[in-house]
Amino acid sequence: MYDFDTVIDRHGTASVKWDMAPKSIKEKGYTPLTIADMEFKVAPEILKGIGETLKHGIFGYTYADESYFNAVAGFMKRRRGYDVERDWLIVTNGVVSALGLCVRAFTSPGDGVIIQPPVYPPFMSAIASNGRNIIENPLILSDGRYSIDFDDLESKCAREDVKMILLCSPHNPVGRVWSYDELKTLGEICKHHDVLVISDEIHGELILPGFKHTTFATIPGMADNCVVCTAMSKTFNLAGMCCSNIFISNPDIREKLANVMRIEGAGAMPALSRSAAIAAMTEGDAWLDELLSYIEGNFAYLYEFIEKRLPMIRCIRAEGTYLAWLDLRALSLSDEALERLMIDKGGLALDEGYIFGTGGSGFERLNLAVPRSILVDSLERFEIAVLSVV
Ligand SMILES: Cc1ncc(COP(=O)(O)O)c(C=O)c1O
């Protein structure tokens, strides 16, 4: 049994989530429910792995060696049924960094890149900050569940200027774990129109019971038209280790990415990240399984709380990730008023829906990777805030 209940104070650790939270939240000592890292200590197996490197005492330049690759390959095979080869692996200092590299490697200024909002904000900045155009294929919300608008996708892919899609799979923030059939349809449309699929699967191991994640490249016929982005950062709470595993089986596509990385001098493998990731991928399965049960319990608590006490609010049922997506449009508040309500009345730092682009306004994203006691306390304050305006 691992410990997910202990509350850990992260103030003063230069945590983006904690130390950059609104002043009033920090002063009250509340745990922010924002940025996607977890309030759980990493698995003891990982601490041991890092400890061995610490004891060695030298932190020189390291690379993704055979031990690292074997750990990644074993993990991908066990958890996803994805067989990877040594040549396919490119290590980057994060998936966001990989998205920017892909934009520069596979498109030219002025080209269009598709996203499916509401979506993780760096998808938009990776495109716009590189001088490419954001082409939106907004998700459809119907009966509390999101789906892909394939007709719209087809028309966007048919455009001359559109060269690539950033696919969020599983999807942050809406929590969908795209089905095999959905991914196959998307892949066929993209392939038909020569649109490259960058599949961000950073949440690919965080799958709730009853759902199955399909690694995009495992769909027959898709491997040669995609880049699969994975990492241990979400799965094992190692985001600050800045290390991610990108797989590209098509050698021409791989060479283009490798070339941009050479130009930019990107792709260093931090020594402690290597140790942490090897330990996580070889010895972390039991911790990960328990984590998923704990997260499932937190979702169940949230759903029951909202259903019983705040029925005017709709929870989108998450199929994966540890991020809850709540529809508060019934409160009829502006983006600013909703944000102020959460901070001032609720003492809650949440990720505001509008930052996720089209379709996000009126929603809030809550990070549920917290000890249950923090969730219980946060929801009590959430109720006070909501009831103050209805
Ligand atoms: C879909 C998605 N991609 C990428 C990231 C961040 O990746 P990294 O920390 O490896 O840059 C996140 C973090 O929340 C995410 O949700």
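Guide: Domain bounds here come from an automatic or database domain assignment. This is a predicted model, where local features need pLDDT of at least 70, side-chain atom pairs count only at pLDDT 80 or more, and totals for chains, interfaces and linings use all residues. Residues are numbered from 1 along each chain as its sequence is written.

Visitor: What makes domain 1 and domain 2 of the protein?

Guide: The assignment gives 16-42 + 286-387 as domain 1 and 47-283 as domain 2. Their C-alpha centres lie 25 Å apart.

Visitor: How do you know which residues of domain 1 and domain 2 are in contact?

Guide: Two residues are in contact if their C-beta atoms, placed from the backbone, lie within 7 Å. By that rule, 26 residues of domain 1 are in contact with 32 of domain 2.

Visitor: Which element gives the most to the side of domain 1 that touches domain 2?

Guide: That is α12, with three residues. Helices (H or I, at least four residues) and strands (E, at least two) are DSSP runs, numbered from the N terminus. The protein has 14 helices and 13 strands.

Visitor: Why does the radius of gyration agree with a compact globule?

Guide: The radius is taken over C-alpha atoms, and the globule rule is 2.2 Å times the number of residues to the power 0.38. For 390 residues a compact globule would be near 21 Å; the protein has 21 Å, so the two agree. The C-alpha trace spans about 60 × 55 × 35 Å along its principal axes.
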